[in-house]
Amino acid sequence: MLAHSIFFYFFSVIAIFSSLMVITSRSTVNSVFFLILDFISVGCLFIMVGAEFLGMIILIVYVGAVAVLFLFVVMMLNVAEQKQSWFIGRQTSHIPSGLIVSILILLELLVVVGGWKYKDNLMSSSTLSLSNIPNTHQLGLVMYTEHILYFQLAGMILLLSMIGAILLTFRQRTGVKKQSYIKQISREPSSAVEIKEVEFNKGVKIDE
Amino acid sequence: MLEYLQILGNEIYKILFVLIPILVSVAMIVWLDRRVWGLVQKRRGPNVVGPFGLLQTIADALKYIFKEIIIPASANKTVFILAPIVTMTLALVAWAVIPMSEDLILSDINVGILYLFAVSSLGVYGIIMGGWASNSKYPFLGAIRSAAQMVSYEVSIGIIIINVLLCVGSLNLKDIVLAQQNLWFVIPLFPMFVIFFISALAETNRPPFDLPEAEAELVSGYQTEYSGMMYAMFWLGEYANILLMCAMGSILFLGGWLPIIDLYPINLIPAPLWMVLKILFLFFLFALVKAIVPRYRYDQLMRLGWKIFLPFSLFYVVLTASFLFYFEKLPKGNF
């Protein structure tokens, strides 16, 4: 158990430290790097409690895809100056809304953790049978059978938001030359090159 | 306490037993790559240092070690130094779950294939970090290109893995290999194998998809500002990644350590050797492709990933699932 607790404290200290650095570091790109470190250490914590599927999915989805997009946005847009003004300027208008959101999240956490403490049989009342089956198999057993409706609903919501995002940024540009791959591939020497006998002092007309 | 130290020592011994052969084989594989490339172009390739030029890579590595490391004045120093370390570490860390035979495996975890997928999707960070921290135009363009490319092709690799998992019913790499005892997945899932091979080329930034370092347009892409040992680490990490993709391909499709047919003279060859032979075969294909195929244009690359590979592999998932369901061949899992 000693090694286990050493690893637990190692990962949780890194997670807390990096989440603090996300909001305090001056450079936005560094913030994103710390966010990635945070995701990774949280994923490791998930693996340590035996939820290896969840941990791996956090690594694949959040670190491998979402955080890359974050990095893109932060590197391409110049958000560094905005963040600087948070530290130096006197723009306090953000603080009340931030406070409201964080208090709400704290309340929600209290409700969840409190409910868990208050009602001991919350875990045993769930339909999952906690046995020696690895949790990937367990998820697979209930995801597409009992909870298929919620699963499909979540997928639908994601699809809708994706279509919405594409619609918002879509603009039809006119006068753009598009490449036709079929034309390019099906070019052949016989149609591309033509050999002509040129008479002296006459020249050739191209593209008649 | 002593007990823990003993366990730790034992683990470190095992890890070195995996790491050192990989580093040596990376050196050899670079030589093989250049040699095949040369032979295709009717050159000799490296043949001076050591027998058949085998020690060429070691000579190159020595040269890199003794060169000065130059860090650009306007670069972000920490990230600049971290980038090659990240690339190299991630390329080596993935080998922990690769089974070389039924018991020659460092850590036999339940979600082995997810682990491999996760680590290979983290590989993009080394490149983005290097490109951004260099604080220069060409590296940044190269990094952005390669990040977009790697994220796009990961999607199709993920769906190809789903195809294989449907036939296996387990995420464990050992189970995936053992499920191929009767029939390697390359036969029923041949189109997926082809797409996996091409996506692996794109994922490891190999020609014809080496746009991140397209020397004609971007000098040398994200590696432009790197020199000395740091450049060498990018380079070693890249080749370790290529080897990893070959290992993944041979586990998913070519039956890992299993012999071609389980008959007397053939199954005398030990299991790890079969695995090595399959990895080498896939790498030989990688090297041939590098020598033969010209570089893709960027829009063609994106079109291939999103408009052709993604729909086709999704369609194949449906096909595989319906086939398995209709003939009641779906794996039930062992519990």
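A salt bridge here is a side-chain nitrogen of Lys or Arg within 4 Å of a carboxyl oxygen of Asp or Glu. Between chain A and chain B, the count of salt bridges is zero. What you're looking at is a predicted model, where local features need pLDDT of at least 70 and side-chain atom pairs count only at pLDDT 80 or more, while totals for chains, interfaces and linings use all residues. Residues are numbered from 1 along each chain as its sequence is written, chains are lettered from A in the order in which they are written, and side-chain values use heavy atoms, with hydrogens and water left out.

So what does hold the eye where the chains meet? Chain A and chain B bury about 2500 Å² between them, 78% of it on carbon and sulfur atoms; that's the accessible area (1.4 Å probe) lost on putting the two parts together, summed over both. Two residue pairs across this interface are in polar contact, both at pLDDT 80 or more (a pair of N or O atoms within 3.5 Å; within protein, one must be able to donate a hydrogen and the other to accept it, and residues adjacent in sequence count only if both atoms are side-chain atoms). On the chain A side, α3(A) gives the most, with 13 residues. That side divides into 21 nonpolar, six polar and one charged residue (Ala, Val, Leu, Ile, Met, Phe, Trp, Tyr, Cys and Pro count as nonpolar, Asp, Glu, Lys and Arg as charged, and the others, Gly among them, as polar).

Now step inside chain B. Helices are DSSP runs (H or I, at least four residues), numbered from the N terminus. Helix α6 (residues 137-168) of chain B and helix α10 (residues 228-252) of chain B have axes that come within 11 Å and cross at roughly 30° (lines fitted to C-alpha atoms over the stretch in contact, with angles from 0 to 180 degrees between N-to-C directions). That makes α6(B) roughly parallel to α10(B), the word for angles under 35 degrees, with over 145 counting as roughly antiparallel. I157(B), I161(B) and V164(B) of α6(B) meet M245(B), M248(B) and L252(B) of α10(B), contact being heavy atoms within 4.5 Å.

Helix α4 (residues 112-122) of chain B also packs on α6(B), at about 175° with axes 11 Å apart, so α4(B) and α6(B) are roughly antiparallel.

Key
Helix = DSSP H or I, 4+ residues; strand = E, 2+ residues; numbered from the N terminus. Parallel < 35°, antiparallel > 145°, perpendicular 65-115°, else oblique.
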